[in-house]
Amino acid sequence: AEPMTDLNKVRPLLQKLVKGATEKYYDLKGREIKPYNPDLEYGSNNKATYYASVLDLGFKNAYIKKYNFNQQQSPGVIKAVESYTYYAELVHNATADMSTKVYKQWAAILKNVLPDWNVKENNNSELTMGETTLYKTINGLNYVIELRLRSPSGNRHIAMTIKYYGNL
């Protein structure tokens, strides 16, 4: 099954996700889960808690990650930081045609729903690897949405993350 692409249905859900980022996804977190594919980029010294996402855009393995870490602010000053990220796989293990189609559709949807956001794209010519990043500062908070197309071992998948960076 492909993710939702009807702009009239997608627009309010995406806007709710972006707004939810600043509210620690308070209304969008479901029960605590162990995700199918947790990202392990931060190593084992930090604590991450994963929640099912109650917002359904037709994505696979959608979750919200609460992540705690210690950040060095200046020499000798450590601050405990809590961050939240929405993560979803739009497609998983898809054919080349399907993954290219969905990636292009969702890059266009993000640009349409958030027309005043900055866009950076990095796509290879065959579209086996691609990244569309939208970013904007709103009320002093830096929002970042990343749409990534990857092709590990020939199995293509597309993931989207939504995060905001406050005064870190």
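# Briefing: fold, helix contact and selected residues

Of the contacts in the protein with a separation of 6 or more, 50% are accounted for by residues 24 or more positions apart. The model described here is predicted. The protein contains 2 helices and 8 strands, and these follow one another along the sequence in the pattern α-β-β-β-β-α-β-β-β-β.

**Burial and surface**

- The protein has 168 residues, and buried residues make up 40% of them.
- The accessible surface of the protein amounts to about 9,400 Å². Carbon and sulfur atoms hold 47% of that surface.

**Contact between helices α1 and α2**

- Helix α1 spans residues 7-22 and helix α2 spans residues 96-113. Their axes come within 10 Å and cross at roughly 65°.
- Angles of 65 to 115 degrees count as roughly perpendicular, and α1 and α2 are therefore roughly perpendicular to each other.
- The crossing in which α1 passes α2 is right-handed.
- On the α1 side, the contact is made by L7, V10, R11, L14 and Q15. On the α2 side, W106, I109, L110, N112 and V113 take part.
- By residue class, the contact of α1 with α2 comprises 7 nonpolar, 2 polar and 1 charged.

**Loop residues with positive phi**

- Y25 lies in the loop between α1 and β1, the latter being residues 29-33. Phi of Y25 is near 50°, which is a positive value in a residue other than glycine.
- The relative accessible area of Y25 is 0%. Buried means under 20% relative accessible area, so Y25 is buried.
- N139 is also a residue other than glycine with a positive phi, near 50°. Its place is in the loop between β6, residues 130-138, and β7, residues 141-150.
- The relative accessibility of N139 is 78%. The cut-off for an exposed residue is over 50%, so N139 counts as exposed.

**K120 in strand β5**

- K120 belongs to strand β5, which covers residues 118-123.
- The relative accessible area of K120 is 52%. An exposed residue has over 50%, and K120 is therefore exposed.
- K120 and L134 are 14 residues apart along the chain, and their C-alpha atoms are separated by 6.5 Å.
- When residues up to four places away in sequence are not counted, K120 touches E131, T132, T133 and Y135.

**Y164 in strand β8**

- Y164 is located in strand β8, which covers residues 156-165.
- Y164 has a relative accessible area of 23% and is partly exposed.
- Along the chain, Y164 and G20 are 144 residues apart, while their C-alpha atoms are separated by 9.9 Å.
- The residues that Y164 touches, not counting those up to four places away in sequence, are A21, T22, L141, N142 and Y143.

Methods: Residues numbered from 1 in each chain as written. Predicted model: local features only at pLDDT ≥ 70, side-chain atom pairs only at ≥ 80, totals over all residues. Heavy atoms only, no water. Axes fitted to C-alpha atoms, helices over the stretch in contact; angles between N-to-C directions. Helix = DSSP H or I, 4+ residues; strand = E, 2+ residues; numbered from the N terminus. Parallel < 35°, antiparallel > 145°, perpendicular 65-115°, else oblique. Left-handed = near helix turned anticlockwise from the far one by under 90°. Contact = heavy atoms within 4.5 Å. Nonpolar A, V, L, I, M, F, W, Y, C, P; charged D, E, K, R; others polar. Buried < 20%, exposed > 50% of the residue type's maximum accessible area, 1.4 Å probe, protein only. Areas by Shrake-Rupley, 256 points an atom, 1.4 Å probe, with all protein chains shown as cover.
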